[in-house]
Structures are given as C-alpha cells and as structure tokens.
Amino acid sequence: MKPDTEAFFDTNTNTVTYVVSDPATKACAVIDPVLDFDAAAARTATKSADKVIEFVRQMDFKCEWILETHVHADHLSAAPYIRRALGGKLAIGSEITVTQNTFGPIFNAGVDLPRDGRQFDHLFADNDSFDLGAISAQALHTPGHTPACMTYVIGDAAFVGDTLFMPDYGTARADFPGGDARTLYRSIRRIFELPEETRLFMCHDYLPEGRSQHQWETTVKEQKHSNIHIHAGVDENAFVAMREERDNQLGMPRLILPSIQVNIRGGNMPRAEGNGTIYLKLPVNVLGEPQTPPEETGPRTQ
C-alpha cells in the first residue's frame with residue numbers, strides 16, 4: 001500500500017510538514033505541522049499551517065490524524081490550530097509523559113501542565129497498529145533524540161522525525177535532556193530492519209556543503225549504504241563516540257525554549273496570567289554550556 005505524500009517546507013525552521021493520504025478513501029494525516037513564531041517579538045502566525053489547511057480542503061481530504069513524531073525543539077507545533085480547522089485525532093508516543101516530567105521542572109510548570117499526556121487525543125505505545133483510510137500503519141518507538149520519538153510507518157512510507165537526516169547529513173543530536181546516543185543507535189538500527197524499499201521521510205533538511213537543493217525523501221537501502229554517521233559497518237561504540245563528540249560542539253537550537261514549553265502541552269500555550277497575557281519562560285543558565293557568542297545560532301537539531 002502506497003500513500004500519497006505532499007511536503008511543505010518551512011524555510012525559517014528547516015522543517016518539513018507532511019500531508020499523507022490514502023488515494024482510495026481520501027483519508028489523510030498531517031505530520032509535524034509548524035506554527036510560525038517570531039522570537040524577537042514573541043508573536044505567532046499561521047501562514048505555514050494555513051497552506052496545509054488550504055491543500056487538504058482543495059483535495060477534499062478527510063483529516064483522521066495529526067501526528068507528532070516527537071516534542072520538537074526547533075519549532076512550535078500548529079497541531080491545535082490544524083485540529084480546529086480540519087478535525088482529526090492529535091497523537092504522539094506514550095513516552096511523552098517522560099518528556100513532560102523531564103522538562104516540567106525546567107520550566108517550573110505547575111498545575112497547568114498535567115504530566116500524563118492528556119493534552120493529546122491518543123498516545124501510541126510501541127508497535128501499535130492504526131489505519132489511515134484503507135492503509136495499515138504502525139507506530140514504532142524510536143527514542144534517543146528524545147524519549148518520546150516515534151516513527152510512523154504508513155504503508156510503504158516511514159516518517160522518522162529527527163532520528164535520521166538525509167544520508168549526506170547524518171543523524172539527530174542526542175544531548176537534549178532525556179536523549180541518549182546509544183539508544184539512538186539502536187533505534188536507527190530498528191528502522192534499518194524495515195524493507196529496503198521503504199520510503200523514509202525526514203522532518204528536517206539543512207543543506208550540507210556541496211548540496212544546493214533541499215531534500216527530505218530517501219529509502220532504507222540508501223540510508224544503510226550511505227548515511228555518513230551510521231552506514232553499514234559503523235558499530236555502536238564508534239557511533240556513540242562520534243555523536244557525543246559532535247553534540248559537544250553544537251549550540252542550542254534558537255527556538256528550543258519557546259518550542260519545548262509549548263509542545264509538551266500538545267502545541268497549546270501556557271495559561272494566560274491575571275492580566276490576560278500569555279507568557280513563555282526563559283530559564284537562565286539551565287540548558288547547555290555558556291558560550292560567548294554561541295558557536296551556532298541556527299535552528300538545528302542535528
């Protein structure tokens with residue numbers, strides 16, 4: 001079973017949002033939608049999400065699912081906005097509770113952040129099956145980048161979140177709270193056990209040196225043979241050493257603080273305070289090592 005896929009690339013965060021659809025029934029899922037956010041002004045906009053909504057309506061699709069591959073650190077989720085416009089169940093991996101319990105204390109979140117995943121309509125456990133129209137799908141728990149990372153296998157297509165990037169760019173970082181390079185290695189090896197012809201869709205693309213066009217689709221076979229970090233023959237210890245050394249050189253993504261505190265709430269903002277204004281917190285000297293200036297100020301999660 002081969003679903004149709006339409007990709008929407010957000011240049012501000014290098015994020016790819018997908019509309020995945022069953023040609024037979026016109027059922028669709030929206031994967032990893034982006035809410036535009038101007039960090040300097042702390043203002044949101046819905047231009048990116050509106051493009052997705054317009055496409056779904058033009059194609060006369062019925063939105064059954066809004067799927068988050070993980071709690072993103074590089075963009076705010078537009079999932080609630082998409083759900084209000086198109087319907088569908090908002091879903092993420094069941095280990096979201098681990099992420100909520102990890103980051104809740106960092107933001108000193110109180111009773112307005114229940115840490116049982118109730119902000120989502122459905123929590124997928126590892127190996128859970130679901131349907132997209134007439135197409136069978138499966139949710140695979142692939143942690144390492146974050147504790148709650150999921151890969152959604154829909155027919156012959158797999159949506160891997162930040163776990164993998166294009167072969168010439170490598171793999172996700174594993175140094176965020178709750179991340180682990182050894183776990184990431186094992187999760188990627190699990191993805192590599194899928195049939196070699198499985199289409200793999202990335203959540204991001206950052207142009208590596210020597211490439212001028214953004215790309216986000218590859219295959220299991222291509223990744224196994226060509227991924228610069230984890231191709232066939234790279235053992236676990238070598239990968240962990242490489243990943244940890246590289247992660248030590250990376251600065252924090254520029255939107256990590258607003259993104260995480262919104263995304264652990266299912267894309268919802270914190271509760272407005274007494275004056276009716278919503279505030280996002282900036283915990284000082286909590287994440288990463290101090291750098292003056294930061295070595296890397298882009299939105300990267302790689």
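A salt bridge here is a side-chain nitrogen of Lys or Arg within 4 Å of a carboxyl oxygen of Asp or Glu. Before you start: this is a predicted model, where local features need pLDDT of at least 70, side-chain atom pairs count only at pLDDT 80 or more, and totals for chains, interfaces and linings use all residues. Residues are numbered from 1 along each chain as its sequence is written, and side-chain values use heavy atoms, with hydrogens and water left out.

**Exercise 1. Salt bridges across the chain**

Task: find which residue forms a salt bridge with K224, then work through D126 with R190 and D112 with R265.

Solution. 

Step 1. The partner of K224 is E196, with the closest N and O atoms 3.1 Å apart. K224 sits in helix α5 (residues 220–226) and E196 in the loop between α4 and β14 (199–201), so this pair ties together parts that are 28 residues apart in sequence. Helices (H or I, at least four residues) and strands (E, at least two) are DSSP runs, numbered from the N terminus.

Step 2. Check the exposure of both ends. Buried means under 20% relative accessible area, exposed over 50%, and partly exposed in between (1.4 Å probe, protein chains only). K224 has 22%, so K224 is partly exposed; E196 has 31%, so E196 is partly exposed too.

Step 3. Now take R190 and D126, whose closest N and O atoms are 2.8 Å apart. The two belong to distant parts of the chain, 64 residues apart: R190 is in helix α4 (residues 181–191), D126 in the loop between β9 and β10 (128–132). R190 is partly exposed because its relative accessible area is 21%, and D126 is partly exposed at 36%.

Step 4. D112 and R265 meet at 3.3 Å, N to O. D112 counts as partly exposed at 26%, but R265, at 8%, counts as buried.

Step 5. For context, a search of the whole structure finds 12 salt bridges.

**Exercise 2. The open sheet**

Task: work out in what order the strands of the open sheet are arranged, and which of them are the edge strands.

Solution. 

Step 1. Two strands pair if DSSP finds at least two bridges between them. The open sheet has 6 strands in the order β1-β2-β3-β6-β8-β9, with mixed pairing.

Step 2. β1 (4–10) and β9 each pair on one side only, which makes them the edge strands.

Step 3. Zoom in on β6 (residues 62–67): 3 bridges join β6 to β8, and the two run parallel. W65 stands opposite K89 in β8.

Step 4. Axes are lines fitted to C-alpha atoms, for helices over the stretch in contact (heavy atoms within 4.5 Å), and angles run from 0 to 180 degrees between N-to-C directions. Helix α1 (residues 47–58) lies across β1, β2 (15–21) and β3, at about 160 degrees to β1. Helix α2 (residues 79–86) lies across β3, β6 and β8, at about 165 degrees to β6.

**Exercise 3. One side of α3**

Task: find where the buried residues of α3 lie around the axis, and what they pack against.

Solution. 

Step 1. List the buried residues of helix α3 (residues 96–106): I96, T99, Q100, F103 and G104. They cover an arc of only 125 degrees around the axis, so they are on the same side of α3; the arc is that of the directions from the helix axis to the C-beta atoms.

Step 2. These buried residues pack against β8 (89–93), β9 (122–124) and α7 (256–263).

Step 3. Past the helix comes N108, with a positive phi near 50 degrees.

**Exercise 4. S77 and its surroundings**

Task: decide whether S77 is buried or exposed, and list what S77 is in contact with.

Solution. 

Step 1. S77 lies in strand β7 (residues 76–77). Its relative accessible area is 2%, so S77 is buried.

Step 2. Leaving aside neighbours within four places in sequence, S77 is in contact with P33, L35, E68, N263 and G267.
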